[in-house]
Amino acid sequence: MNATPRQHTPEDAHASQPDLTRLSVRTLKLTNFRNYASARLDLDARPVVLTGDNGSGKTNLLEAVSLLGPGHGLRGRPYVELARKDGDGGFAIAATVMTRAGETEIGTGLLASAREEGTGRTVRINGKDHSAGALGEYVKQVFLIPAMDGLFTSGGSERRRFLDRLVLSIDPLMRTPLNRYERAMRQRNRLFQMREHSRSLFEGLEEQMAEAGVAIAAARYDAVERLTGLIEETREAQGEGPFPHAVLALHGTLESELTERPATEVEDVFRILLEDGRERDRAASRTLEGPHRSDLLVVHGPKNAPAAQCSSGEQKALLLGLILAKAELIKSLEGNAPLILLDEVAAHLDAARREALFGEILRLGVQAWMTGTDKELFSPIAQDAQIFAVNQGNIEA
């Protein structure tokens with residue numbers, strides 16, 4: 001059903017005024033997406049709060065918004081899993097989004113035939129077909145979902161994905177070397193599994209991996225340097241805030257090499273490492289050296305302790321501080337804050353940090369999308385937000 005935002009009144013003079021140029025979703029229409037046969041939200045630029053019982057469809061709405069950007073969405077699920085079970089096998093998301101390019105019409109979805117054909121999602125921007133990667137030029141976003149609570153204690157792959165999302169926000173074109181490296185590495189691993197020994201085949205793939213791999217490592221290094229610089233500048237200007245600051249470092253062969261020599265030389269170093277490591281990699285049937293093995297090291301700044309050794313509450317606050325810092329960095333580079341998607345975050349914060357979070361959202365001038373089961377938790381931001389009740393596929397203002 002349609003849901004329209006609350007209108008401002010003279011009594012709302014203290015509320016933040018929506019910025020007409022702010023990156024924000026203005027309309028969102030869903031068809032056969034997750035538990036929604038059809039749904040529509042009409043919005044302005046203010047933060048959005050979705051409340052309702054667990055399983056009512058709040059996170060599904062956040063997931064739909066996340067698909068207005070590149071990638072597989074905040075849960076990273078295969079597209080066929082996003083189609084409503086009682087639908088025709090496909091789904092559609094249509095949105096009007098205010099971007100730096102002005103009012104932009106974005107449509108994406110999965111054709112019903114794609115389930116059998118194995119094709120990806122369709123993307124249309126202002127009526128023209130595009131790849132999903134093109135969405136990165138229009139919609140920047142950062143998100144925090146419960147599945148990320150183990151970011152500091154899980155394997156390095158989760159932290160690499162966390163970092164690469166920032167890399168792609170800074171430079172969407174980095175998706176090309178990321179995909180090129182992954183594709184070449186898969187082909188090289190397949191050669192090992194096929195017991196192939198052709199020198200020319202390996203050399204061709206290792207050339208691609210060296211070029212793309214060093215580009216990835218350099219982009220990650222640059223992103224960490226930028227984020228670290230912003231965190232340090234903020235501390236110098238404002239002191240320690242409500243969310244502990246993170247101390248970041250990259251651990252990886254290529255990243256270390258890039259601190260000592262130019263990228264062209266590091267490419268040669270990496271090619272030699274891959275060539276010399278072929279027999280070792282053959283025994284493992286996979287590539288054991290490269291940016292796919294790098295890690296983002298995070299230290300809880302005030303405690304000077306590895307994030308993995310901190311309590312779950314400290315880790316949550318540290319992670320939320322990193323998310324806000326990422327949003328701040330993107331805003332400083334783009335001139336416009338990204339969308340921030342926060343799933344069930346308020347319930348895990350004490351009252352002081354909850355109010356601090358809302359204050360940061362308003363200060364950043366961002367359209368944050370937040371979910372929660374308890375509407376009262378959002379009372380400090382109620383006058384400055386659009387609040388909707390979600391109940392099994394129905395949305396009400």
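Modeller: A pocket is an open set of points on a 1 Å grid over the protein atoms alone, where a 1.4 Å probe fits, with protein on both sides within 12 Å along at least five of seven lines. The model here is predicted, so to speak of local features takes pLDDT of at least 70 and side-chain atom pairs 80 or more, while totals for chains, interfaces and linings use all residues. Residues are numbered from 1 along each chain, and side-chain values use heavy atoms, without hydrogens or water.

Colleague: Thanks! How much space lies in the largest pocket?

Modeller: Volume here is the space filled by probe spheres set on the points, joined across faces, edges and corners. For the largest pocket, that comes to about 1400 Å³.

Colleague: Which residues of its lining lie nearest the centre of the largest pocket?

Modeller: Lining residues have an atom within 4 Å of a point. The largest pocket has 45 of them. Nearest its centre lie R161, D164, R165, L168 and R175.

Colleague: Which element gives the largest share of that lining?

Modeller: Elements are DSSP runs numbered from the N terminus: helices (H or I, at least four residues) and strands (E, at least two). At least two lining residues each come from β8 (141–144), α3 (156–170), α4 (175–193) and α5 (199–238). With nine residues, the largest share belongs to α3.

Colleague: And what is the volume of the second largest pocket?

Modeller: Happy to continue there. The second largest pocket has a volume of about 410 Å³.

Colleague: Which residues are closest to the centre of the second largest pocket?

Modeller: This pocket is lined by 21 residues. Closest to its centre are T234, G241, F243, G321 and E360.

Colleague: Lastly, which helix gives the most to the lining of the second largest pocket?

Modeller: α5, α9 (312–334) and α10 (351–364) supply at least two residues each. With six residues, the one giving the most is α9.
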